[in-house]
Amino acid sequence: MAKIFYLLKQNKAQGSKIYGKWFAHGKTIETLNTRKMANHIAEHGSIYTPDVVFGVLEKFRSCLIEMLLESKRVKIDGLGIFYTTLQRT
């Protein structure tokens, strides 16, 4: 069974319209790198070895960056849309 961990935090900003209200904030327990994610995928009955899955993920990453640098959006069904943004510093 999946578990999503969270913390409850109270807004303590004086003068805020939501002062005193409680909100749930997601809590991360681990960050998986590409290699760990490849191993995890391979453990799900995949016919591919972790090294093959890793290679596909690495190729995906490099191609995603390539497309973003060409000002294209990349939609991965069920995951989301990747696109570039601008930020003033």
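Here is a short tour of the helix packing, then the rings.

This is a predicted model, where local features need pLDDT of at least 70 and side-chain atom pairs count only at pLDDT 80 or more. Residues are numbered from 1 along each chain, and side-chain values use heavy atoms, leaving out hydrogens and water.

Helix α1 (residues 34-42) packs on helix α2 (residues 50-69) at about 125°, with axes 8 Å apart. That makes α1 oblique to α2 (under 35 degrees would be roughly parallel, over 145 roughly antiparallel, 65 to 115 roughly perpendicular, and the rest is oblique).

So who touches whom? In α1, the residues in contact (heavy atoms within 4.5 Å) include R35, M37 and I41, and α2 brings, among others, V53, F54 and L57. The contact divides into eight nonpolar, two polar and three charged residues.

F54 also has R35 over its face. Such a charge (NZ of Lys or CZ of Arg) is within 6 Å of the ring centre and within 35 degrees of the ring normal.

| Charge | Ring | Distance to ring centre |
|---|---|---|
| R35 | F54 | 3.6 Å |
| R73 | Y83 | 4.7 Å |

Note on methods:
Axes fitted to C-alpha atoms, helices over the stretch in contact; angles between N-to-C directions. Helix = DSSP H or I, 4+ residues; strand = E, 2+ residues; numbered from the N terminus. Nonpolar A, V, L, I, M, F, W, Y, C, P; charged D, E, K, R; others polar.
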